[in-house]
Amino acid sequence: MPALTKLPFFLVLLGIASLSTLTPAAYGYAIGEYHDSRTFLYAGLIGLILTAFVGLALGNRPRETTAIRQLVALLAGFATLPVFLAVPFHEAVRNTSFVSAYFEMVSALTTTGATLFDAARLSGPEHLWRAQVGWFGGLLMWVSASAILAPLALGGFEVTASGEPGQNEAQGAARGGRIDPRSRLLRSAQELAPIYVGLTLALCIMLLMAGDPPLVALSHAMAVMSTSGISPIGGLEGAASGLAGEMILFCFLCFALSRLTFSGDTGQSTGNGLIYDPEFRMGLAIIVVVPALMFFRHWVAAFEVGEEQNWIAGLRALWGGLFNALSFLSTTGFVSADWSTAQDWSGLSTPGIFLMGLALIGGGVATTAGGVKLLRVYVLYVNGAREIEKLVHPSSVGRSGLMMRRIRKEGAFIAWVFFMLFAVTLALVALGLAAFGVGFEEAITLTIAALSNTGPLIVMAPSTPIDLLSFSSEAKLVMAVGMILGRLELLAIIVIISPEIWRG
């Protein structure tokens with residue numbers, strides 16, 4: 001294992017991706033899909049040979065490794081690793097373009113889950129490959145958050161870290177506290193990978209016991225842990241596990257609300273337990289308040305049509321709202337089987353604005369969820385509440401709660417700057433899509449889905465699902481860029497291209 005620290009980060013990712021092709025290859029052989037089996041096997045062998053040759057060539061070359069260089073490698077991984085991942089997928093599908101295959105792999109690796117293909121069009125090994133790539137992308141973000149983003153005060157850590165974004169590690173090194181980034185990355189992987197794998201296996205076993213077939217259970221388990229929302233049957237509506245499966249998934253979706261649900265390795269713990277974590281509490285408040293508002297809207301509509309005594313429909317509508325609120329807040333995008341029942345019962349045709357708003361807020365910092373993150377929203381809420389308090393009592397002294405002490409003095413300002421950068425990114429990606437023939441409403445929906453890494457929004461948010469296959473190759477590539485920007489965030493890209501950071 002220590003030898004891995006001598007290899008470039010991107011090369012390690014390529015080697016892991018090459019090894020992972022053996023799983024769909026073995027599954028394809030087991031079910032008689034021999035073409036898919038050979039395709040994934042050959043791609044894996046070529047990838048392993050390429051990794052070995054490049055590793056031998058670079059193994060003894062001295063390199064200065066810093067967290068900022070690892071961040072560059074992470075960006076390169078999200079942009080170029082899907083090229084390799086798309087090769088076996090393109091060859092296995094056989095009737096699609098390479099750009100479409102690349103789009104599919106970017107969508108999976110960034111845990112977006114947007115797809116160009118109907119579930120019936122892909123074989124079992126191809127479905128497994130998509131789910132596996134999404135699962136690997138989720139693990140990559142778990143590890144990168146603690147080993148790369150936290151030391152650089154990025155990815156949401158900038159509102160609580162003492163240093164400036166991109167310079168926190170340099171300031172720590174000046175005080176004599178620098179740790180080898182390669183060792184930190186390996187240590188984070190060793191600590192988090194067993195937790196990630198264990199939770200996925202536990203969820204898979206529960207879904208199997210609830211009645212799902214093995215491929216569906218494994219794919220949904222990987223999709224929930226990575227918040228990719230990838231399903232081999234197109235969602236939960238046709239799942240054999242039914243309501244029991246949804247309840248099991250609901251419990252595991254909570255891991256996307258806060259890093260403290262599975263780890264305290266980023267130093268964000270308050271020491272008072274999960275229930276006092278501001279992200280977790282705000283997430284719980286949102287998934288209670290939003291479905292409650294929709295539930296009362298349902299009851300108003302029910303009174304209008306004279307079905308106020310239909311309690312079973314009301315409870316099913318409430319469950320559909322609760323599940324969808326958590327699912328889209330975590331940017332997973334799974335839809336409850338009771339969601340359509342709730343819509344029919346209430347007369348609420350397309351509540352896409354609710355779903356897009358939840359996806360934009362996103363989950364916890366350093367989780368697999370996308371969006372702007374709950375911590376940034378909380379910081380702005382605390383700052384706004386304090387400003388209102390000062391208007392009422394100008395001479396008052398602010399509350400010195402535990403979370404207030406964790407937020408840096410400029411935390412609210414930096415969170416607001418991030419929101420502005422997010423808005424600028426949204427406008428640029430939407431303009432890019434519009435430039436290649438995408439309509440205004442479709443462009444906005446696609447951009448929000450890409451930047452929040454919530455692919456199912458493409459189907460659920462508009463009144464009619466958007467047909468991605470009809471888009472040009474250029475529009476697909478623009479959306480792929482949007483998904484990468486949403487995964488790493490524009491603030492990290494700015495840090496990468498900042499000359500001051502590199503000179504530091």
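Which element gives the largest share of the lining of the second largest pocket? The legends below cover this and other views of a predicted model.

**View 1. The second largest pocket and its lining.** The largest share of the lining comes from helix H19, which supplies three residues. Two or more lining residues come from helix H6 (124-149) and from helix H19 (457-460). In total, 30 residues line the second largest pocket, and those nearest its centre are Gly 113, Thr 115, Phe 117, Gly 234 and Val 459. The space in this pocket comes to about 640 Å³. Rolling a probe the size of a water molecule over the atoms shows where such empty space is left.

View 2. Helix H3, residues 34-58, gives the most to the patch, with three residues.

**View 3. Leu 45 in helix H3.** Is Leu 45 buried, partly exposed or exposed? Its relative accessibility is 42%, so Leu 45 counts as partly exposed.

**View 4. The chain as a whole.** The secondary structure consists of 22 helices and zero strands. The chain has 504 residues, and 57% of them are buried. Among contacts with a separation of 6 or more, 72% join residues 24 or more positions apart. The chain exposes about 21,000 Å², of which carbon and sulfur atoms supply 67%.

Definitions and conventions:
Residues are numbered from 1 along each chain as its sequence is written. This is a predicted model: local features need pLDDT of at least 70, side-chain atom pairs count only at pLDDT 80 or more; totals for chains, interfaces and linings use all residues. Side-chain values use heavy atoms; hydrogens and water are left out. Helices (H or I, at least four residues) and strands (E, at least two) are DSSP runs, numbered from the N terminus. Buried means under 20% relative accessible area, exposed over 50%, partly exposed in between (1.4 Å probe, protein chains only). Contact means heavy atoms within 4.5 Å. Accessible areas come from the Shrake-Rupley method with a 1.4 Å probe; for residues, only the protein chains shown count as cover. On a 1 Å grid over the protein atoms alone, a cavity is a set of points where a 1.4 Å probe fits but cannot get out, and a pocket is an open set with protein on both sides within 12 Å along at least five of seven lines; lining residues have an atom within 4 Å of a point. Grid points are joined across faces, edges and corners, and a volume is the space filled by probe spheres set on the points.
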